[in-house]
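I opened my notebook to work through this structure bit by bit. Here is what I looked up.

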Amino acid sequence: MDHTGFDGPQLRLPGLTDADLARWPVWDFPYASSVDVVGVEPVTLFRLSGVGAGVPPPREVRRALFMALRRLACRKSMRLRETAFTFFWSADEDGGLLGLGPMPQGCLISIQRRLERVGAAPAGQGLSEGMAALWRYDHRYVIEYGDPEDAGTTYVDGRGRSGTELTIWRRAAVTAEEADLPARYGKLRR
């Protein structure tokens, strides 16, 4: 298994040395490499109007979230910085619904401020049932769930995306119900 947690040819990005690669995070996955099994979680909900059914969150929402996570990763408080939680999404004819998984109150307040600046309105508490897992914050790292073929790779969130310059780690996600397994996320080893 290489430095990305991916079983396959080692990913080599231009300009990276072996010392750079040694600092990259390594996760242990309980079931399959770069796959998280996501269960139903309690979430804090935010409503976004003007989003159609099946549409991903708007770019400004993605940027607001990523900027909040970038700040969180730099916090002095280890309790806030070294935490893990998931972001969920669903969109229907009434608009989009963003769900933030359980997290420390300080994280929630910081993220909520950024979301409200881009027009997301608090919508109370609920469950992630029926929502897709989109992103995860895991002890200073941002993970994006998506295409299984991309699982185990990274990209930089540059100008063509949200412009945050964060390194985004890709994983696949399956629901605990689909997999008929208990919910388990990759565990950060280093």
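**Ground rules.** I call a residue buried under 20% relative accessible area, exposed over 50%, and partly exposed in between (1.4 Å probe, protein chains only). This is a predicted model, where local features need pLDDT of at least 70, side-chain atom pairs count only at pLDDT 80 or more, and totals for chains, interfaces and linings use all residues. Residues are numbered from 1 along each chain as its sequence is written, and side-chain values use heavy atoms, with hydrogens and water left out.

**Entry 1: salt bridges.** I looked for side-chain nitrogens of Lys or Arg within 4 Å of a carboxyl oxygen of Asp or Glu, which is what a salt bridge means here. The structure has seven of them.

I started with Asp28 and Arg189, whose side chains meet at 2.9 Å, N to O. Arg189 counts as exposed because its relative accessible area is 52%, while Asp28, at 37%, is partly exposed.

Next I checked Arg62, which bridges to Asp157 with the closest N and O atoms 3.6 Å apart. Arg62 belongs to helix H2 (residues 59-73) and Asp157 to the loop between strand S9 (154-156) and S10, so this bridge ties together parts 95 residues apart in sequence. Are these two partners buried or exposed? Arg62 is buried at 13%, and Asp157 is buried too, at 0%.

Then I noted Glu82 and Arg81, which meet at 3.3 Å, N to O. Glu82 is partly exposed at 22%, whereas Arg81 is buried at 17%. I also found Asp36, Asp138 and Arg171 joined into one network by salt bridges that share partners.

**Entry 2: aromatic rings.** I pair rings of Phe, Tyr and Trp (its six-membered ring) if their centres lie within 6.5 Å; planes under 30 degrees apart are stacked, over 60 edge-to-face, and the rest tilted. My search of the whole structure gave seven aromatic pairs.

How are the rings of Trp27 and Tyr141 arranged? Their centres are 5.7 Å apart and their planes at 80°, so I call the pair edge-to-face. Trp27 is in strand S1 (residues 27-28) and Tyr141 in strand S8 (residues 141-145), 114 residues apart. Trp27 is buried at 3%, and Tyr141 is buried at 16%.

Tyr141 also pairs with Trp169: centres 6.2 Å apart, planes at 90°, so edge-to-face. Trp169 lies in strand S10 (residues 167-175) and Tyr141 in strand S8, so the pair ties together parts 28 residues apart in sequence. Trp169 is buried, at 6%.

I made one more stop at Tyr141: its C-alpha atom is 8.4 Å from that of Pro25, 116 residues away along the chain. Elsewhere I noted an aromatic cluster of Phe66, Phe85, Phe87, Trp135 and Tyr137.

Terms used: Helix = DSSP H or I, 4+ residues; strand = E, 2+ residues; numbered from the N terminus.
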